[in-house]
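Trainee: Please take one part of this model and go through it closely. I would like a single connected account.

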Amino acid sequence: MKIYPPAESTELSTTDGHVDDFGRFFSELRSRWVKVERLQEYDESDFEGYRAFRNGDFATARKLVQEMVRGQEEIYTLARRRGISMVRIRICDLPLSSYLVNYEIPAYLADIECGEDIRFVDSRDIRRLLSDSGISDYVLYDDTRVVALIYDEATARVREARLVDSPALVAKYAELSDELIERSVPMLESPIYRSVI
């Protein structure tokens, strides 16, 4: 059953590709946060590290993106204090894009240091799940709300953020999240990651 983009949803406001309510939603967390990432590159032009990546300065990009992740201490401290599980599932198309190898994987290494469970899955291994659900990027908060991130694929920038709070539809996203967790592998153990280190 197609659940993305969600039919039952409310549009959220965004600023420069970021969901304005992210901080509030995160501060209300009590149990888990699951983020699914599907695009193979995101336009993050507002970050100096991404601009370094686009200019081919991968060493600077790596340093800056890791500093940016580690600088989100408030988020990680809150998650640790409340015992919130933070899981990020990266759906990978092979071969990996330069963005993933030179920018996002360095960010993921810092995310892991900060307590996130980063998981990889080959898109070919979940082809049917992807086509049946239509799924792309979303964030699940405590199995009570979902923010579906709808990107303009030509620009790789957020076009819309849609809030799902219908219990029946959120339950479908939670079920999908559980299946993706089950079918994915922790990044450091993933043959996808090991093929590029």
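Mentor: The crossing of helices α3 and α5 is right-handed. This is a predicted model. Two packed helices are described by the angle between their axes and the distance between the axes. Here α3 covers residues 58-70 and α5 covers residues 98-113; their axes come within 8 Å and cross at roughly 35°. On the α3 side, the contact is made by Phe58, Ala61, Arg62, Val65, Gln66, Val69 and Arg70. On the α5 side, Ser98, Asn102, Tyr103, Pro106, Ala107, Leu109, Ala110, Asp111 and Glu113 take part. Sorted by type, the residues of this contact are 9 nonpolar, 3 polar and 4 charged.

Arg38 sits in the loop between β4 (32-37) and α2 (48-54). The side chain of Arg38 is joined to that of Asp93 by a polar contact of 3.1 Å. Leaving aside residues up to four places away in sequence, Arg38 touches Arg90, Ile91, Asp93, Ser123, Leu130, Ile135, Ser136 and Asp137.

Thr15 belongs to strand β2, residues 14-15. Thr15 counts as partly exposed because its relative accessibility is 43%, and partly exposed covers the range between under 20% for buried and over 50% for exposed. Its side chain makes a polar contact of 2.7 Å with the side chain of Asp20. Thr15 and Val158 lie 143 residues apart in sequence, and their C-alpha atoms are 9.5 Å apart in space.

Key:
Residues numbered from 1 in each chain as written. Predicted model: local features only at pLDDT ≥ 70, side-chain atom pairs only at ≥ 80, totals over all residues. Heavy atoms only, no water. Helix = DSSP H or I, 4+ residues; strand = E, 2+ residues; numbered from the N terminus. Polar contact = N/O pair within 3.5 Å; in protein donor to acceptor, adjacent residues only side chain to side chain. Contact = heavy atoms within 4.5 Å. Buried < 20%, exposed > 50% of the residue type's maximum accessible area, 1.4 Å probe, protein only. Axes fitted to C-alpha atoms, helices over the stretch in contact; angles between N-to-C directions. Left-handed = near helix turned anticlockwise from the far one by under 90°. Nonpolar A, V, L, I, M, F, W, Y, C, P; charged D, E, K, R; others polar.
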